Amino acid sequence: MAKTYISHWRCPSNIAIVKYWGKKENQIPCNASLSLTLSESYTELNARLEEKTNDDEISLTYFFEGERNAAFEAKFLKFLNKHQVNFPFLKTHHLVLESSNSFPHSTGIASSASAFGALALVLCDFYEQTQGKTISDNWQQTASHFARLGSGSACRSIFPAWAQWGQIDADKASSNEYAIPITEVHDNFKIMHDAVLIVDDEPKKVSSTAGHALMNKHAYAEARFVQANQRVAELREILKSGDLDAFVSLTESEALTLHAMMMTSADYYLLMRPNTISVIEKIFAFREQSKVPICFTLDAGPNIHLLYPEVYKTEVENFIRHELSDLVKSIIFDRVGQGPKKLT
Ligand code: PMV
């Protein structure tokens, strides 16, 4: 009887504090980045591997939220074809993927990070089930490596809480090929909240792929890459020391630098919306007056991630309710997460 294998994983998204922006061949980043893995924003991927008789081509059926999705299917098929030597079972089995996200589209939560993270985990799991041995001595590192090949920032989602991707001189264990977990973290940063303030839920006008490409001939590229690497090293020290004020400055400067890169590209563009600025100004004013160390970051989009440590939760959530809710379409209350989970 034809054999079927099952693998079911939940993989969270992540939000970068130091941003990856600019890449080389094979998803090698031009600079290091450091992110926070989320908890409530995740992809669940239910995968089935069914033995088949012909083994000439990789075959995949892909459902997104219950419906066949040709665009995603083509994207995943391209990825599987490129990496089939690493996953020999792909030739001899038909793959069925059923995927769903816990968060809506176009909300500034990176769905490609959680989706490719989940796919990499499922593939590593199937490797183990079909070959009867683990894919490597460090399966998280291997899963992170394959996640990166799908979507750069996905490699950081394999780890709980704080993760770094990209080589920096100060840490010989860091790599451009996969992310590493950052575990030396002060109590101040152990329970970090992220309220995602959706000011605009239209699909992105410029894809991240196009944005990364604009860094190739960017006038400020080299300085930016040096700065980002230094900031990863600085952020590692901040996370260790618990310095919330330093965290606020670095985080906001990073967000604005990312958008400054977009605004100063040869094909310049602007992703912030009027309410993005209004919310930022409210955050500045609230911080000034309350001395609560909240800060914002931005992804490649108009929506705001408002970050605050657990001790300020009540105060900040009151501020959000009273002063920000009229400026935004919706809010997703997220927080630091424990990383991917295998589901049964
Ligand atoms: O992983 P990509 O190709 O979707 O690029 C992500 C880029 C940013 O989200 C803007 C920054 C980052 O480091 O996640």
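This is a predicted model: local features need pLDDT of at least 70, side-chain atom pairs count only at pLDDT 80 or more; totals for chains, interfaces and linings use all residues.

Student: OK, which domains does the protein have?

Tutor: Domain 1 covers 4-183 and domain 2 covers 187-335; such bounds come from an automatic or database domain assignment. Their C-alpha centres lie 25 Å apart.

Student: And how many residues of domain 1 are in contact with domain 2?

Tutor: 33 residues of domain 1 are in contact with 44 residues of domain 2, contact meaning heavy atoms within 4.5 Å.

Student: What's the area buried between them?

Tutor: About 3,100 Å², with carbon and sulfur atoms giving 67% of it. Buried area is the accessible area (1.4 Å probe) that two parts lose on being put together, summed over both. I17, K19 and W21 supply 27% of what domain 1 buries against domain 2, more than any other three residues.

Student: How many salt bridges cross that interface?

Tutor: The rule finds one across the interface; it asks for a side-chain nitrogen of Lys or Arg within 4 Å of a carboxyl oxygen of Asp or Glu. R236 forms a salt bridge with D171, and the closest N and O atoms are 3.0 Å apart.

Student: New topic: how many salt bridges does the structure hold?

Tutor: There are 16 in the structure. One of them joins the side chains of R10 and E44, at 2.7 Å from N to O. R10 is in strand β1 and E44 in strand β4, 34 residues apart.

Student: What about aromatic pairs, how many are there?

Tutor: A search of the whole structure finds 15. Rings of Phe, Tyr and Trp (its six-membered ring) pair if their centres lie within 6.5 Å; planes under 30 degrees apart count as stacked, over 60 as edge-to-face and the rest as tilted.

Student: Why is the pair of Y20 and W165 edge-to-face?

Tutor: Their ring centres are 4.5 Å apart and their planes are at 65 degrees, so the pair is edge-to-face. Y20 sits in the loop between β1 and β2, while W165 is in strand β8, 145 residues apart.

Technical notes:
Residues are numbered from 1 along each chain as its sequence is written. Side-chain values use heavy atoms; hydrogens and water are left out. Helices (H or I, at least four residues) and strands (E, at least two) are DSSP runs, numbered from the N terminus.
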